[in-house]
2 protein chains.
Amino acid sequence: MTTQQIVLAARPVGTPTKDTFRFETTEVPALHAGQVLLQGLYYSVDPYMRGRMSDAKSYAPPFEVGKPFYGGVVAKVLSSKSDLFKEGDVVLGMLSWQQQIVANEKELRKVDTTIAPASYYLGILGMPGLTAYFGLMHIGKPKAGETVVVSGAAGAVGVLVGQMAKIHGCRVVGIAGTDEKVALIKKEFAFDEAINYKTTPNMRLAIKEACPNGVDIYFDNVGGPISDAVISNINFHARIPLCGQISLYNNTEMASGPRLQPMLLTRSVLMQGFIVFNFQDKYPEGFKHLAQWVKEGKLKTTETIIDGFDQLPTALLGLFKGHNTGKMLVKA
Amino acid sequence: MTTQQIVLAARPVGTPTKDTFRFETTEVPALHAGQVLLQGLYYSVDPYMRGRMSDAKSYAPPFEVGKPFYGGVVAKVLSSKSDLFKEGDVVLGMLSWQQQIVANEKELRKVDTTIAPASYYLGILGMPGLTAYFGLMHIGKPKAGETVVVSGAAGAVGVLVGQMAKIHGCRVVGIAGTDEKVALIKKEFAFDEAINYKTTPNMRLAIKEACPNGVDIYFDNVGGPISDAVISNINFHARIPLCGQISLYNNTEMASGPRLQPMLLTRSVLMQGFIVFNFQDKYPEGFKHLAQWVKEGKLKTTETIIDGFDQLPTALLGLFKGHNTGKMLVKA
């Protein structure tokens, strides 16, 4: 038996292109004890994957050239030589971009599709949800009445951060890149204000007007000049969870910008880079809160679902052009 | 009765000059109840004073044009209408740059010159000591075996940070601006390595060689390209207490430099701006440790003492040219 897979054809220089990816047909090996054969249902595409295409020092080992991409995948068990999973189970794992996947039982956990749709386990109840939760709650530490600014506000993480900050009584201002996204996060996700950075000539002033009391928490998903504009309005004792820098990921050289440390110093600001794995021992706490808020209707999601396994490269590249609203997924 | 005072003549643009200061003769008012008349003994000059000469948003209100400079002063009581202080007592306070000063008892605390020389209360047992302590211990949180890099390493704070990091079992690398300073911190203050940034062509490489295991704590007193070089060698989960940015204080425009956030993000680094006043409720803890280490001979200081009240402007300006080794003071 064979299956399709998508491998890293070559490490991209600058923005990845279709040539970064190669489709291959590969053998599906016979199952050993403790293994299952899976049919991929939903494949997650995430901004952090750009980092893994390079071999710079980072928190995760890079993808290998000639080997499959991998990421969060929700899949259905087709056949099982594991005592933990049976045919028909829906599971989650960090898995190769293959249509049919042989996985070891230790890499997988079962997901409960009676609580929420399967795709949610790659978004609001998965890594993006936990990322939003730990970044905001454990680094940002919101207090009622504070002002929270979120960049990439209509993205998978941003849209959750804004809602969580509202749950905690904050004023929430989102930054996004289209009028549709701006309208959506205000109407559907109750952001107090939203700014389209692409059509706003003076972001520094726009942030100032949207945040009359200054910025207490800046949840940064994008970096670059948008972040400069927010940080110029930062308050004393503010917190900046650094979650993403998507505007800079495709740069071939280190970007330049204003030196922010004097401002961080004189205003006693905390800036903390993080990835969700830093909070691994607290996942149960995070998941409990996320599931509770979803159940109570306080935390909602939006998804951009692209049909077809062969659309995975297009979907991933689309992230860097802002083609997604909320969590971007590919449905096989 | 009259006395000499030094006032802010005009807010400096860029580097302050002699014209930033004006000497005046002023009346010494009669004492009210609760007041004392003081004779200044030691006047502290500190890099943070540059910030107070401007009216940009900062942690402290700016000096006022036409009003005296003020800062940490150790003084002797000449006469007293306070029940708390008597003639001959040596006291510490944030006081005006006047030769004779009328102060309220609430602004002062007595210093014990049997424990340490009076000047120490402006340095190793004063604000610089507490700054080093809280920045290193409460933000840096050193663990034995870690590598700590200190910029401004021969300055009032830096020389203490290095020694405290040694007390906690760290490898300590200092950065300073003359060969004499480099030799001093290695010989007298037991730094493992020291680098003269003025004669080192490739600081990034020099830091890499001095820190074979990378940098776990970067205690930053200077900012700018020196900090860029250190941060390019920063480890996962490193901490960067932002204590000073003296290389940038005299800039008239916001300086530019590499955008560091992508590195802080992918390596989960914490950067925390702070001033010592943030830890005000923990001063007794800090002072206890400082006094203990001084008593045990584990923590030593060096001072640059300039003679003459009229030398205060020269001393303060000298800080920005690195004229001090250790704590810079003026002895009246």
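How much area do domain 1 of chain A and domain 2 of chain A bury between them, and what share of it is on carbon and sulfur atoms? In this predicted model, the answer is about 1300 Å², with 69% on carbon and sulfur atoms. The views below start with that contact and then move on to the pair of chains.

**View 1. Chain A is divided into two domains.** Domain 1 of chain A takes in residues 2-117 + 302-331, while domain 2 covers 127-277.

**View 2. Domain 1 of chain A meets domain 2 of chain A.** Here 17 residues of domain 1 of chain A touch 13 residues of domain 2 of chain A. If you are looking for electrostatic pairs, note that there are 0 salt bridges between domain 1 of chain A and domain 2 of chain A. Polar contact does occur, in 4 residue pairs with both partners at pLDDT 80 or more. On the domain 1 side of this contact in chain A, you will find 7 nonpolar, 7 polar and 3 charged residues.

**View 3. Chain B can be superposed on chain A.** A rotation of 180 degrees, with 0.0 Å of shift along its axis, brings chain B onto chain A at an RMSD of 0.0 Å. The two copies are thus related as by a two-fold rotation axis. Both copies use the same surface, since 100% of the contact residues of chain B recur in chain A.

**View 4. Chain B packs against chain A.** In this interface, 40 residues of chain B are in contact with 40 residues of chain A. Together the two chains bury about 3400 Å², of which 59% is on carbon and sulfur atoms. Three residues of chain B lose the most area to chain A: B:Arg259, B:Gln261 and B:Leu265, which together make up 24% of what the chain B side buries.

**View 5. Salt bridges and polar contacts link chain B and chain A.** The interface of chain B and chain A holds 2 salt bridges. One of them pairs B:Asp228 with A:Arg259, whose closest N and O atoms are 2.7 Å apart. Between chain B and chain A there are also 12 residue pairs in polar contact, both residues being at pLDDT 80 or more.

**View 6. Helices and strands of chain B contribute to the side that touches chain A.** At least two residues each come from helix H6 (225-231), strand E12 (234-242), strand E13 (256-258), helix H7 (261-266) and strand E14 (270-273) of chain B. H7(B) gives the largest share, 6 residues. By class, the chain B side that touches chain A has 22 nonpolar, 14 polar and 4 charged residues.

Technical notes. Residues are numbered from 1 along each chain as its sequence is written. Chains are lettered from A and ligands numbered from 1 in the order in which they are written. This is a predicted model: local features need pLDDT of at least 70, side-chain atom pairs count only at pLDDT 80 or more; totals for chains, interfaces and linings use all residues. Side-chain values use heavy atoms; hydrogens and water are left out. Copies are superposed by least squares on the C-alpha atoms of residues with pLDDT of at least 70 in both. Contact means heavy atoms within 4.5 Å. Domain bounds come from an automatic or database domain assignment. Buried area is the accessible area (1.4 Å probe) that two parts lose on being put together, summed over both. A salt bridge is a side-chain nitrogen of Lys or Arg within 4 Å of a carboxyl oxygen of Asp or Glu. A polar contact is a pair of N or O atoms within 3.5 Å; within protein, one must be able to donate a hydrogen and the other to accept it, and residues adjacent in sequence count only if both atoms are side-chain atoms. Ala, Val, Leu, Ile, Met, Phe, Trp, Tyr, Cys and Pro count as nonpolar, Asp, Glu, Lys and Arg as charged, and the others, Gly among them, as polar. Helices (H or I, at least four residues) and strands (E, at least two) are DSSP runs, numbered from the N terminus.
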